[in-house]
Amino acid sequence: MDSLALVILLVAVVGLALVATVAGLLVSGRRKPRPLPRTHTDVIATPPTDPDAPPVELSSPPATIEPETEAEPVVVEEPAAPTLERPEGTASRLVRLRQRLAGSQGGLGRGLLALLSRDRIDEDTWESIEDTLLTADVGVVPTQELVERLRTRMRVEGTSAAETRTILREELLTLVGPDMDRRLRVSGEDGKPGVVLVVGVNGAGKTTTVGKISRILVAEERSVVLGAADTFRAAAVEQLATWGERVGVEVVRGPEGTDPASVAFDAVKEGVDREVDTVIVDTAGRLQNKAGLMDELGKVKRVIEKQAPVTEVLLVLDATTGQNGMIQARVFSEVVDVTGIVLTKLDGSAKGGIVVAVQRELGVPVKLVGLGEGADDLAPFDPGAFVDALLG
Ligand SMILES: Nc1nc2c(ncn2[C@@H]2O[C@H](COP(=O)(O)OP(=O)(O)O)[C@@H](O)[C@H]2O)c(=O)[nH]1
Ligand SMILES: [Mg+2]
């Protein structure tokens, strides 16, 4: 009796495994997925259910009823397409993240305000003001400029508490650059998708940022394809695949060690074929040497542009890395034409002054800021809101 049950169970398990494999092969072999929002080739490749599920299950006869029935694709699809998350809309995330920004960066503005509000502002005070700015990574030249302007204005204009605050706010805003064009170029022309190339050193937050941007786009009901062109670490590909799965965005990937350029090419081709709005390509951040980096990113870009122009090159920079980060930023900007900066980990650093420093250094605007490890902790950079957060 017992052995009969066991045999039936075995048949059931083998049957199910076969059905799953065949269905998986069929789906992953399909050249051109339908333009459904939930298509994602990557999900199929990572087996969601484990075939080693049946240990000593004695009381699971329901499974034995199914083995001979025909393969219903739904059986496979179900675990492969988990309930999709609804990414947070821009308006609500802005409110939430402003508070977080004030929490991490508020010290800078409040510190400056306290110094400027002293009864007598002597040379020591101005020195302290300079130190405060330098400590927050504002950079030497911008710091001197700001102090100069503050000195003049504080002398000429009134120095009531309200006036001091207004002057400081205006000058900080000028420093941050209220008129820079910070729109993300996520749309293409002539019916082609916009292509966003994301670069930066390892650990800066590239993959996370690609995932977060895709969620912003999904929240805006745009169609997206992601390219996992960091092919050097399998974990990096899996990481991106997970971001895609959560919101039903397709992730184009190749086997570990594939040429990054070929994955980038495939991803953009997929985006063109499926007529999606935006393709975002994640890259590896191996900063072995400048020539190697230039070769690699240069090739990725060239190959992509056989399909569609790259509309945005985002450099991802970890705000906690200070001067080191600035050096990396310089190298990357010499290798590719960076069109926008993403400053990550602003939640974990009081050094928001790097916004000013890096924009000066590269002549390119900060377009997005990362404010946490949560999936929707990324916000468009808004100079006014940033300065208000500084002032607490
Ligand atoms: N606190 C915080 N952590 C972040 C932020 N962005 C990324 N991270 C973390 O930084 C680490 C490296 O990110 P990852 O995207 O893998 O970096 P990559 O190597 O450049 O692709 C991960 O643990 C992320 O969760 C951010 O804005 N705030
Ligand atoms: Mg990565």
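**Figure 1. Helices and strands of the predicted model.** The protein contains 15 helices and eight strands, where helices (H or I, at least four residues) and strands (E, at least two) are DSSP runs numbered from the N terminus. Of its 392 residues, 41% count as buried, a residue being buried if 20 or more other C-beta atoms lie within 10 Å of its own, exposed if 12 or fewer, and partly exposed in between, with C-beta atoms placed from the backbone. This is a predicted model, in which local features need pLDDT of at least 70 and side-chain atom pairs count only at pLDDT 80 or more, while totals for chains, interfaces and linings use all residues. Residues are numbered from 1 along each chain as its sequence is written, and chains are lettered from A and ligands numbered from 1 in the order in which they are written.

Figure 2. Eight strands are arranged in the order β3-β2-β4-β1-β5-β6-β7-β8, with mixed pairing; two strands pair if DSSP finds at least two bridges between them. The edges are held by β3 (250-252) and β8 (378-380), each of which has a single partner strand, so one side of each is left without a neighbour in the sheet. On average, neighbouring strands of this sheet are turned by 25° against each other, direction ignored; axes are lines fitted to C-alpha atoms, for helices over the stretch in contact, and angles run from 0 to 180 degrees between N-to-C directions.

**Figure 3. Strand β1 and its two partners.** Six of the six residues of β1 are buried: G194, V196 and V198 point one way from the strand, whereas V195, L197 and V199 point the other way. Strand β1 (residues 194-199) runs parallel to β5 (residues 312-318), to which four bridges join it, and V199 has L315 as its bridge partner in β5. Five bridges link β1 with β4, again in parallel, and here V195 stands opposite V279 of β4.

**Figure 4. Helices packed on the sheet.** Helix α11 (residues 260-274) lies across β1, β2, β3 and β4 and runs at about 170° to β2. The largest nonpolar core has 91 residues, and L226, A264, V281, L317 and L343 have the most contacts inside it; such a core is a set of buried Ala, Val, Leu, Ile, Met, Phe, Trp, Tyr and Cys residues joined through C-beta atoms within 7 Å. Not counting residues up to four places away in sequence, L226 touches residues including V210, V251, A267 and I280, contact meaning that C-beta atoms, placed from the backbone, lie within 7 Å.

**Figure 5. The surroundings of ligand 1.** Ligand 1 is surrounded by 19 residues, of which G205, K206, T207, T208 and G370 are the closest; a residue is near a molecule or strand if its C-beta atom, placed from the backbone, lies within 6 Å of it. Helix α9 gives the largest share of this shell, three residues.

**Figure 6. V336 in a loop.** V336 is placed in the loop between α13 (322-335) and β6, and it counts as partly exposed because it has 19 C-beta neighbours inside 10 Å. Not counting residues up to four places away in sequence, V336 touches V199, L297, K301 and V313. From V336 to L293 the C-alpha to C-alpha distance is 9.5 Å, although 43 residues separate them in sequence.

Definitions and conventions:
Two residues are in contact if their C-beta atoms, placed from the backbone, lie within 7 Å.
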